[in-house]
Amino acid sequence: MRAVIDSHVHFWQPQQLRYLWLDEVPAISGPFTPQELGQATPGVDLQKIVFVQADCVPEQGLDEVAWVTELARSEPRIQGIVAFAPLELGSQASTAYLDKLARYPLVKGVRRLIQAEGAGFANRPEFINGVQQLARYGYSFDICIVHTQMSDAVQLVQQCPKITFVLDHFGKPAIAAQQMEPWTKQVQALAALPNVWAKLSGLVTEADHAHWKPADLQPYINHMLQCFGPARMLFGSDWPVVELAGTYERWVAAAVAATSHLPASQQDDIFVNNAARVYRLA
């Protein structure tokens, strides 16, 4: 059984916090908590969990951190939180918010979703300044974009050399359309920056949800391995979003098969060690 540190898990309880986007995806709009995760992973040796902010309404971002911190009391595998932070609000407001996050020891990094924003959002001076401030707190930044925003992500990272970045979901390439360019060249530019890691996550929901096959994902995984190498890649399930295109266990099986040609030590880096390094897990 494959040992896994899952670097990308969401929990939500719509009766407690408000998630506007779940109105558009009724298939996963119910509660998803550690209890449901346990039911979804009987065949996985899930050792540790990093919770990634689940895009509740912004005014509840700190409430989400408090809720997950409480969940961790009864689910000790939750050892890291990637929290929401409104980094685009300017230096003073960003600092005030980050000071509040710093009260929660499980917070290891920050994610401010970029994928739904217009071109150039990630390169606005206020946002760049907010990301740069993460260095004072030792926080990483998860980059969640669609592939058309990859050049913006490259420019953001270039201006924040002191920050550790993690690219979520390979930058959401157009897998369903079997489109590789210009994503491949842009990924090469991002991987050339040494402070960026890549998350092996979110691929099946960029493929054909009902009909994807592991072979559909392999060219993208191969390219990321070539660009980042196993030393800068970490596994994430994107659960429960992954259930839109199958199951947690099916995705784990596909990811394990896609990297099975690597030496065992490099497989261990992808599925266990790198997540512990990036998110500074105990």
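Biologist: Which residues does Leu101 touch, beyond those up to four places away in sequence?

Modeller: In this predicted model, Leu101 touches Leu62, Val65, Ala83, Phe84, Ala85, Val107, Val110 and Tyr139. Leu101 is also one of the residues with the most contacts inside the largest nonpolar core, which has 104 residues.

Biologist: Why is Tyr97 counted as buried?

Modeller: Buried means under 20% relative accessible area. Tyr97 has 13% relative accessibility, and therefore counts as buried. Tyr97 is found in helix α3. Leaving aside neighbours within four places in sequence, its contacts are Gly61, Leu62, Phe84, Ala85 and Pro86.

Biologist: How far apart are the C-alpha atoms of Tyr97 and Gly61?

Modeller: They are separated by 9.9 Å, although the two residues lie 36 residues apart along the chain.

Biologist: What makes α2 roughly parallel to α3?

Modeller: Helix α2 (residues 61-74) and helix α3 (residues 91-101) pack at an angle of about 15°, with their axes 11 Å apart. Angles under 35 degrees count as roughly parallel, so α2 is roughly parallel to α3. In its crossing, α2 passes α3 in a right-handed sense. Gly61, Leu62 and Val65 of α2 meet Tyr97, Lys100 and Leu101 of α3.

Biologist: How do you know that α6 is roughly parallel to α7?

Modeller: The axes of α6 and α7 cross at roughly 30° and come within 9 Å. The cut-off for roughly parallel is again an angle under 35 degrees, so α6 is described as roughly parallel to α7. On the α6 side, the contact is made by Trp183, Thr184, Val187, Gln188, Leu190 and Ala191. On the α7 side, Tyr220, His223, Met224, Cys227 and Phe228 take part. The crossing of α6 past α7 is right-handed.

Biologist: Which residues of helix α6 are buried, and why are they said to line one face of the helix?

Modeller: In α6 (residues 183-191), the buried residues are Trp183, Thr184, Gln186, Val187, Leu190 and Ala191. Seen down the axis of α6, these residues fall within an arc of 165°, so they line one face. As background, an α-helix has 3.6 residues a turn, so residues three or four places apart point the same way.

Biologist: Against which elements do the buried residues of α6 pack?

Modeller: They pack against α5 (150-158), β6 (165-167), β7 (196-200) and α7 (214-228).

How values were computed: Residues are numbered from 1 along each chain as its sequence is written. This is a predicted model: local features need pLDDT of at least 70, side-chain atom pairs count only at pLDDT 80 or more; totals for chains, interfaces and linings use all residues. Side-chain values use heavy atoms; hydrogens and water are left out. Buried means under 20% relative accessible area, exposed over 50%, partly exposed in between (1.4 Å probe, protein chains only). Helices (H or I, at least four residues) and strands (E, at least two) are DSSP runs, numbered from the N terminus. The arc is that of the directions from the helix axis to the C-beta atoms. Contact means heavy atoms within 4.5 Å. A nonpolar core is a set of buried Ala, Val, Leu, Ile, Met, Phe, Trp, Tyr and Cys residues joined through side-chain atoms within 4.5 Å. Axes are lines fitted to C-alpha atoms, for helices over the stretch in contact, and angles run from 0 to 180 degrees between N-to-C directions. Angles under 35 degrees count as roughly parallel, over 145 as roughly antiparallel, 65 to 115 as roughly perpendicular and the rest as oblique. A crossing is left-handed if the near helix is turned anticlockwise from the far one by less than a right angle, and right-handed if clockwise.
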